[in-house]
Amino acid sequence: MTASFTPRGATLKSRMASVGAIAVAGALLLTGCGDQTDKATGGSNTNAAPLFNQLPKEIQSAKVIKVGSDINYPPVEFKKNGEVMGIDPDIADALGKQLGVKFEFNNGTFDTLLSGLRSKRYDIAMSAMTDNKGRQEGVDPDTGKKAGEGVDFVDYFTAGVSIYTKKGANAGIKTWDDLCGKKIVVQRGTVSHDLAKSQSKTCQKNGKGKISVEAFGNDTEAQTRLRGGGAVAGSSDFPVAAYAVKTSGGGKDFELVGEQVEAAPYGIAIAKKNTQLRDAIKQALALIIANGEYDKIIAKWGVKEGAVTKAVINGGK
């Protein structure tokens with residue numbers, strides 16, 4: 001699958017970064033996800049790991065990093081035959097080897113992950129979450145006002161936002177402007193959601209009719225709604241949209257339309273106060289980039305164009 005990247009204005013909330021032409025692996029099947037802890041990934045659980053002593057004492061004792069994740073977002077994280085797999089779990093496994101702890105993935109809806117992090121239900125959130133200034137500063141994307149404590153991000157991947165429609169029924173949609181007066185389905189709390197709401201305001205300002213936006217708890221529900229004719233288009237991260245286009249209905253359900261938009265990195269979210277954990281994870285990411293393990297994971301999932309070359313904290317704009 002091939003798509004190009006087109007930047008949009010600064011008024012829209014950035015969620016992803018461009019990945020250019022990504023050939024998303026299509027051999028895996030979409031499945032449901034559970035409500036409790038789904039999988040523990042990671043390393044040896046011994047202090048022989050190079051970065052074990054860099055971790056906070058409580059995590060050294062537990063030998064577990066609790067991860068909040070919406071495990072219904074293939075190919076980034078999803079379940080197949082009862083096991084959690086995808087880009088994020090594989091990267092977490094590699095990080096765990098450097099840190100000497102397990103990364104324990106716990107399923108939750110995307111829009112509750114940061115509140116779960118603030119309440120200490122999770123140590124980190126890792127779920128194709130875009131690093132942007134709003135999340136760093138705890139700013140509500142709708143009001144522009146401070147809504148809570150922000151988070152720090154360790155950036156580990158890049159991706160773009162795409163629009164997709166039912167196959168053979170794209171209603172002439174090529175850009176976000178073409179959605180004026182139409183209905184779109186998205187996952188709640190994502191930048192696709194923010195984009196749709198922002199674009200709707202632009203449509204109204206230009207006298208073209210607002211966009212009807214229907215948001216769901218996960219991307220699979222949005223796809224089901226579109227598949228059933230409940231909207232004319234959907235939007236999600238390019239790797240996810242491309243994976244759905246390739247796999248849903250054996251490739252007969254959806255098609256990508258237009259170009260990717262919105263450049264921004266995915267980041268591992270960590271509480272502002274937990275700088276020791278943040279810095280240890282950054283060091284672990286730097287190590288797996290240097291030793292080639294990171295590139296192997298990215299190549300495995302066919303998303304080389306989204307690879308990062310260094311570990312960065314709060315690189316989102």
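**Group meeting: strand β12 and its surroundings**

Strands β8 (residues 151-166) and β12 pair in the antiparallel sense over 13 bridges. Strands here are DSSP runs of E with at least two residues, helices are runs of H or I with at least four, and both are numbered from the N terminus. Two strands count as paired if DSSP finds at least two bridges between them.

Before I continue, a word on the source. This is a predicted model, in which local features need pLDDT of at least 70 and side-chain atom pairs count only at pLDDT 80 or more, while totals for chains, interfaces and linings use all residues. Residues are numbered from 1 along each chain as its sequence is written, and side-chain values use heavy atoms, with hydrogens and water left out.

Let us return to the strands. Which residue of β12 is the bridge partner of aspartate 155? That partner is glycine 267. Strand β12 also pairs with β7 (residues 124-125), in the antiparallel sense and over 2 bridges; there, isoleucine 124 stands opposite isoleucine 270. Buried means under 20% relative accessible area, exposed means over 50%, and partly exposed lies in between, with a 1.4 Å probe and protein chains only.

For the protein as a whole, the secondary structure comes to 9 helices and 13 strands. Of its 317 residues, 53% are buried. Among contacts (heavy atoms within 4.5 Å) between residues at least 6 apart in sequence, 79% join residues at least 24 apart.

I turn now to the loops. Where does proline 75 lie? Proline 75 is in the loop between β3 (64-69) and β4 (78-80), and a cis peptide bond, with omega of about 10 degrees, joins proline 74 to proline 75.

Lysine 63, in the loop between α1 (57-62) and β3, is not a glycine, yet has a positive phi of about 55 degrees. Is lysine 63 buried or partly exposed? Its relative accessible area is 29%, so lysine 63 is partly exposed.

Asparagine 81 is found in the loop between β4 and β5 (83-85). Asparagine 81 likewise has a positive phi of about 55 degrees although it is not a glycine. With a relative accessible area of 72%, asparagine 81 is exposed.
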